[in-house]
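Biologist: Before I rely on any of the labels in this model, I would like to go through them with you one by one. Please set each value against its cut-off as we go.

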Amino acid sequence: MLPPFDYHRPASLAEALFLLASLPGTKKILAGGTDLVPALRRGDLSPDHVVSLSQLAGMREIKEDKGFIRIGALVTFSRLAEFPLFLKGPYKLLAEAALQVGGPQVRNQGTIGGNIVNASPAGDLLPPLTALEARVRVCRQGGERVLPLAGFLTGPGRTCIHPEEILAEVDFPALPERAAGSFVKLGRRNSLAISRISLAAIVIRGEGGIVEEARLALGAVAPVPIRARKAEALLRGRKPSPALLEEAVAAISETVADSLGDRPSAPYKRAAVRGVAREALIKADPRFASGGC
Amino acid sequence: MKPFRFRATVNGRPVDLPVDPRRRLLDVLREDLGLTGTKEGCGEGECGACTVLLDGRPVNACLVLAPEAAGCDITTIEGVAVEGRLHPIQEAFLEAGAVQCGYCTPGMILAAKALLDKDPRPTDQAIKTAVSGNLCRCTGYVKIVKAVRLAAARLAREEGAV
């Protein structure tokens, strides 16, 4: 049996927000439960109220709308990994990252919203969403705010969400057809492993085969995902080739070294990230391996 | 705490009972419904011993609060055999020697069933991915993969015979 709390199962988002605004004491929101239920059981959390979102079917949708892709916060990792739009092309990095989370059981329950609000430095969806320049829509009774994911995540396990708010949706601008994305994660084993390093890459091809824009987001090397800005800048306007790949890999490794400073994991990670970076960039644009157009 | 009225379908039968909402699906299955084939291993979603199917998809019953499964179609290992006859996946596990201590077996079989229900001719890689959330501490994975392959072949033949 879990420690005492009152369980609520609101039938609508409005009812859920009303409960969060009006219930006295501490509250936790239950989505997939893959993090919350063990935390309750261990006694790490002992809220007075648990508010379940299980009845809010509207938050399980994925939509393309006015140049944005919108993903409801209750969309599971499995759904992301199976959703046709994410199976190929620029958004593949999202499905690839979702498939790296836990095992099938956890992917069937765990949600994108939970991955964001729990804000683990190793959260697998956070680097792809950072590279996609995602925003989060956070609702409270009588209002909502939309803010960039990069500003929403404030530290390990920390976001700027208030206890009476619900993360309802994540969205990001649609990418052109000539964009490609990839995600590579290094864990200690293939399944059920926490990321040691991950990299989400988006490469947008411009005229003449040059890199018009590169977005590279690193996971598990800082309290929150970080962009490898140096590497992004040196890729811009140049044609992918094995030589350019090595320049970019060196710049990414520098970013990791700067971020980790003299942390014990730094020597390992700044070397290991090279392999991760090579793999991710080649997956996003095979010309990094072979040159050519 | 006010009891929650837990209504669901478990192994094809309707279930309607009051439960404390702080209990996990695992506890209700084992303690209230006597379905002790569902095992508790780690209790934190790492080992897959408590795998059950919720609307056909494998989940860890230790991570699901009981009321969250209300309204769902739940399959436990007890619901896999039909009229006392073992399911082809169960037979294949026996024949391939894919059972050592047996503790992971119910979860493995349900993970395999979820796979074969949607992908009747899986590759070895798909089989390995399907059981990647289930730990076997006896390390019998080679035979488990072999058993799932055998079951797939048998099920395909049964389909063909119908």
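Modeller: Let me begin with burial: a residue counts as buried under 20% relative accessible area, as exposed over 50%, and as partly exposed in between, with a 1.4 Å probe and protein chains only. This is a predicted model, in which local features need pLDDT of at least 70 and side-chain atom pairs count only at pLDDT 80 or more, while totals for chains, interfaces and linings use all residues. Residues are numbered from 1 along each chain as its sequence is written, chains are lettered from A and ligands numbered from 1 in the order in which they are written, and side-chain values use heavy atoms, with hydrogens and water left out.

Biologist: Why is B:Gly43 called buried?

Modeller: The relative accessibility of B:Gly43 is 4%, and it therefore counts as buried, the limit being under 20%. B:Gly43 lies in the loop between helix H1 (25-32) and strand E3 (51-54) of chain B, where helices (H or I, at least four residues) and strands (E, at least two) are DSSP runs numbered from the N terminus.

Biologist: What does B:Gly43 touch, not counting residues up to four places away in sequence?

Modeller: With contact taken as heavy atoms within 4.5 Å, B:Gly43 touches A:Arg41, B:Arg24 and B:Cys62. The C-alpha atoms of B:Gly43 and B:Cys62 are separated by 5.5 Å, although these residues are 19 residues apart along the chain.

Biologist: What makes the pair A:Arg70 and A:Asp65 a salt bridge?

Modeller: A salt bridge is a side-chain nitrogen of Lys or Arg within 4 Å of a carboxyl oxygen of Asp or Glu, and for A:Arg70 and A:Asp65 the N to O distance is 2.8 Å, so the pair qualifies. A:Arg70 is buried at a relative accessible area of 17%, whereas A:Asp65 is partly exposed at 26%. Both belong to a network of salt bridges that also links A:Lys66, A:Arg135, A:Arg137, A:Glu144, A:Glu169 and A:Asp171, and the structure holds 37 salt bridges over all chains.

Biologist: How do you know that A:Lys283 and A:Glu96 meet in a salt bridge, and which parts of the chain does the pair link?

Modeller: Their N to O distance is 3.6 Å, which is within the 4 Å limit, so the pair is counted. The pair links distant parts of the chain, 187 residues apart, with A:Lys283 in helix H11 (residues 266-284) of chain A and A:Glu96 in helix H4 (residues 92-98) of chain A. A:Lys283 has a relative accessibility of 40% and counts as partly exposed, whereas A:Glu96, with a relative accessible area of 16%, is buried.

Biologist: What makes the salt bridge of B:Arg149 and B:Asp124 a tie between separate parts of the sequence?

Modeller: The side chains meet at 2.9 Å, N to O. B:Arg149 lies in helix H5 (residues 141-161) of chain B and B:Asp124 in helix H4 (residues 124-130) of chain B, so the pair ties together parts that are 25 residues apart in sequence. B:Arg149 is partly exposed at 40% relative accessibility, and B:Asp124 is partly exposed at 33%.

Biologist: Why are H2(B) and H3(B) called oblique to each other?

Modeller: Axes are lines fitted to C-alpha atoms, for helices over the stretch in contact, and angles run from 0 to 180 degrees between N-to-C directions. Angles under 35 degrees count as roughly parallel, over 145 as roughly antiparallel, 65 to 115 as roughly perpendicular and the rest as oblique. The axes of helix H2 (residues 88-96) and helix H3 (residues 105-118), both of chain B, come within 10 Å and cross at roughly 125 degrees, and the two helices are therefore oblique.

Biologist: Which residues of H2(B) and H3(B) meet?

Modeller: B:Ile89, B:Gln90 and B:Phe93 in H2(B) meet residues of H3(B) including B:Met108, B:Ala112 and B:Leu116.
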